[in-house]
Amino acid sequence: MIGDIVETKQCRLKDPVDLFRSGQVVKICAPMVRYSKLAFRTLVRKYSCDLCYTPMIVAADFVRSAKARDSEFTTNKVGDHPLIVQFAAKEAQVLCDAARIVCPFADGIDLNCGCPQRWAMAEGYGACLINKPELVQDMVRHVRNQIDNPRFSVSIKIRIHEDLKRTVDLCQKAEATGVSWITVHGRSVEERHQPVHYDAIKIIKQSMSIPIVANGDIKTLKDAENVHHLTGADGIMVARGLLANPAMFAGYEETPLKCIKDWVDIALEHGTPFTCFHHHLMYMMERITSKQEKKVFNVLSSTSAVLDYLNNYYGV
């Protein structure tokens with residue numbers, strides 16, 4: 001909650017763009033509704049994740065309501081950096097106002113231009129922005145002009161057009177306005193589970209001089225390395241792969257027991273609500289439990305029942 005993090009103003013925030021200058025592929029935890037909150041970010045950072053995003057926050061609600069700010073955005077002074085706050089927005093000044101609120105506590109903001117959900121697009125948010133390059137430029141320009149911290153990054157996350165020339169045009173316009181990097185989910189708005197167009201990400205990368213992050217269907221560290229070689233991308237962003245195995249970036253093929261124990265400790269320390277605590281464990285244990293075990297584990301209904309189960313079966 002904002003109230004809990006006022007002291008953060010004193011902490012030295014990092015310049016996330018420096019990560020891309022390191023010469024290493026930047027390993028990134030994607031913005032995930034309900035899931036990429038502080039406790040989970042704390043976990044993946046223990047396992048070689050370089051950069052984390054918050055879940056997408058609707059900027060207008062965030063600016064208007066203290067309640068929304070308290071429930072949507074939590075960070076801490078110590079380890080939750082570098083941190084990017086992702087916003088859904090459709091008006092330049094609203095995005096600016098939201099950026100100004102989080103600026104003392106985060107290292108940058110990201111404009112969501114990729115969410116394909118119907119409600120988001122109906123509201124003028126998310127993936128419909130890939131068809132409005134001038135509006136995207138206006139929003140980036142406003143934030144750049146009004147946030148006086150040059151180390152504060154402004155990035156965008158997009159999907160691709162059927163006609164890739166339009167995507168390259170969008171990216172070049174965003175670059176000209178001062179965007180720090182662009183994350184490309186290699187599918188169009190209509191595509192859900194179809195193969196990711198890594199060739200499209202490669203073409204975008206070759207057309208730009210700012211960092212490009214590849215996103216889509218990356219489930220293991222080997223996948224991440226392959227996608228980097230295929231696309232030349234400067235960073236790799238992962239969502240579901242990290243839910244299933246938060247230690248993925250550290251090279252583990254499946255979630256190690258130590259990671260499960262770390263999650264229990266972190267979640268309890270952060271007071272993570274039971275449903276979220278349990279869901280994360282269901283994802284993490286997907287590959288290491290039998291059908292029969294899942295039937296039992298997935299219907300447990302209290303923290304104490306989960307802790308007993310983990311202790312009895314896994315010695316956690």
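In this predicted model, Asp217 is located in the loop that runs between strand β8 (212-215) and helix α10 (221-231). The phi angle of Asp217 is near 60°, a positive value in a residue other than glycine, and Asp217 is partly exposed, its relative accessible area being 31%. A positive phi also occurs at Ser48, where the angle is near 70°; Ser48 belongs to the loop between α2 and β2 (51-53) and, with a relative accessibility of 35%, likewise counts as partly exposed. A further backbone feature is the cis peptide bond that joins His81 and Pro82, for which omega is about -5°, with Pro82 placed in the loop between α4 (66-72) and β4 (83-88). Most residues other than glycine have a negative phi, and most peptide bonds are trans.

On the α2 side the contact is made by Leu38, Ala39, Phe40, Thr42, Leu43 and Lys46, which meet Cys259, Asp262, Trp263, Ile266 and His270 of α12. Sorted by class, the residues of this contact comprise seven nonpolar, two polar and two charged.

Cys259, one of the α12 residues in that contact, counts as buried because its relative accessibility is 0%, under the limit of 20%. No disulfide is found in a search of the whole structure; for Cys259, the nearest cysteine sulfur is that of Cys49, 12 Å away. Cys276 is also buried, at 18% relative accessibility, and its sulfur lies 12 Å from the closest cysteine sulfur, in Cys29, which is too far for a bond because a disulfide requires sulfur atoms within 2.5 Å.

According to an unreviewed UniProt entry, residues 29-293 carry the feature "domain: DUS-like FMN-binding". In the model this span is 45% helix and 14% strand, and its end C-alpha atoms lie 28 Å apart. The annotation "active site", again from an unreviewed UniProt entry, covers Cys115. Cys115 is situated in the loop between β5 (108-113) and α6 (118-122) and is buried, with a relative accessible area of 10%. When neighbours within four places in sequence are set aside, the residues in contact with Cys115 are Met56, Ala120, Met121, Gly126 and Ala127.

Terms used. Residues are numbered from 1 along each chain as its sequence is written. This is a predicted model: local features need pLDDT of at least 70, side-chain atom pairs count only at pLDDT 80 or more; totals for chains, interfaces and linings use all residues. Side-chain values use heavy atoms; hydrogens and water are left out. Contact means heavy atoms within 4.5 Å. Helices (H or I, at least four residues) and strands (E, at least two) are DSSP runs, numbered from the N terminus. Ala, Val, Leu, Ile, Met, Phe, Trp, Tyr, Cys and Pro count as nonpolar, Asp, Glu, Lys and Arg as charged, and the others, Gly among them, as polar. Buried means under 20% relative accessible area, exposed over 50%, partly exposed in between (1.4 Å probe, protein chains only). UniProt positions are given in the numbering used here, feature names are shortened, and annotations may be inferred rather than shown by experiment.
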